[in-house]
Amino acid sequence: MHRNYESWWVGNILIFDHAQKLRILMGAKEGVEFGGVSALDVNFDCTLLVTGHTSGAVILWDIEAGISLKVMKDHTSAVESVYFIGSPEARETISSDTKGTCIWSVFRKIVLTSYYLVTTSNVVDSAWKYGGTKDMALLKYTGYHQCDPYNLLAFATEVQVTVMACLESGTHVVYEMKPPHGVNADMFYPVVSWRQAPRDVSTLATKISDPVLAVAWGRRLKMLQVLIKPDNPEEDPKWEDLVFVEICDFLLEDEVKSLKWVDTQVLCLTYIREGVTTMCIFDPFIKTVLEISSLPSVKMWAHQRFHITSEQGEKEITDTYQSSLVIFDSKMYIVGNPLLYEACVLTWEKRLGKDKSKTVADFLVLGFLF
């Protein structure tokens, strides 16, 4: 399914309800001066929206009122990703830009007024010993898992992947990954994506009930399961109690350009094969490619462009497309030029469950056909 995607340059924010009716339009007048919207996120209870803009601005919005509450202008380049961080009551965000700077912002409402103040601190910048961030992923709040208080943030830089715990006491490095064996770090940059802990694993092929971090570096795919030492009470999170266990190390056919979890079972990967955008649905737990689709009419947007040194010592240009792949409610959206491509993955349970008239014998026949 293809749709025109013209609002990318305008900066409008359109909010639809479950029936796909437009309910709220923001940014048509207010906030226009900050340029197009390049990233956004909604908080846990869907009352607040945060947007990142091509000018580097980060804006906090009241969804119901449709008005902006506060603007943060500390970024000096286009915002590439932005997330709400912390508990549902917190008005805190984490954002990164195309220069590699990552900023933690705390928005506070002034008592008895409608005005907000914002304080910021740099988590990562280009002066960091590992370089600026090329990709960033946050393990979002679930409301039911022990990892919620840790606010785990994964950074991908030129030389390594770093996971930080963002606590009231500050940020703490809890895991570091160097380039996997066989990967030339001068040629490829890693991309990262978090799989949230499922609430119920009884219907899943894998029974892993903990968060999992997927890291693609060139053609290598690694997955890390996050565990917490059992003697750690949930009300007193300590970053030293986090344990990372490698559960997958897989060699893929092509260099991964973007990587996102579709649900708690499968990943969506994108490649560029001979100039053609290719989307792959991959189950890393059974190491099986479920489907591959070529999208010749979709040219993905490159959100960052870097100069690298090839094996022959020549300067080349490589692009990253992580922000061009968006996953929501098991639907995949690839931001292309000039089209937005939409795809949906249906599990066998959903496919077979759509026709209640089918018998067990019919399901067996369908199984053999595929």
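Biologist: Over which residues does pLDDT stay under 50, and how many contacts beyond four places in sequence does the model have there?

Modeller: This is a predicted model. The pLDDT stays under 50 over residues 1-9. For that stretch the model has 25 contacts beyond four places in sequence.

Biologist: And residues 362-370, how many contacts there?

Modeller: Four, beyond near neighbours in sequence. The pLDDT is below 50 over residues 362-370 too. Where pLDDT is low, the predicted coordinates should not be read in detail.

Biologist: Where is confidence lowest, and where is it highest?

Modeller: Strand β1, residues 2-4, is lowest, with a mean of 30. Strand β17, residues 212-217, is highest, at 95.

Biologist: What's the mean pLDDT of the protein?

Modeller: The mean is 80. Of its residues, 78% reach 70 or more.

Biologist: New topic. How many disulfides?

Modeller: The count is zero. Take cysteine 280: its nearest cysteine sulfur belongs to cysteine 268, 7.9 Å away. A disulfide needs the two sulfur atoms within 2.5 Å, so cysteine 280 is in none.

Biologist: Is cysteine 280 buried or exposed?

Modeller: Buried, because its relative accessibility is 2%. Cysteine 248 is also at 2%, so that residue counts as buried as well.

Biologist: Back to the surface. Which residues form a nonpolar patch?

Modeller: Leu14, Phe16 and Leu25. Together they have about 280 Å² of accessible area.

Biologist: Where does phenylalanine 16 lie?

Modeller: In strand β2, which covers residues 13-16.

Biologist: Why does phenylalanine 16 count as partly exposed?

Modeller: Because its relative accessibility is 47%. Exposed would need over 50%, and buried under 20%.

Conventions:
Residues are numbered from 1 along each chain as its sequence is written. This is a predicted model: local features need pLDDT of at least 70, side-chain atom pairs count only at pLDDT 80 or more; totals for chains, interfaces and linings use all residues. Side-chain values use heavy atoms; hydrogens and water are left out. Patches are made of residues with over 30% relative accessible area and no salt bridge: like charges are joined within 9 Å, nonpolar side chains (Val, Leu, Ile, Met, Phe, Trp, Tyr) within 5 Å. Accessible areas come from the Shrake-Rupley method with a 1.4 Å probe; for residues, only the protein chains shown count as cover. A salt bridge is a side-chain nitrogen of Lys or Arg within 4 Å of a carboxyl oxygen of Asp or Glu. Helices (H or I, at least four residues) and strands (E, at least two) are DSSP runs, numbered from the N terminus. Buried means under 20% relative accessible area, exposed over 50%, partly exposed in between (1.4 Å probe, protein chains only). pLDDT is the predictor's confidence in each residue, from 0 to 100. Contact means heavy atoms within 4.5 Å.
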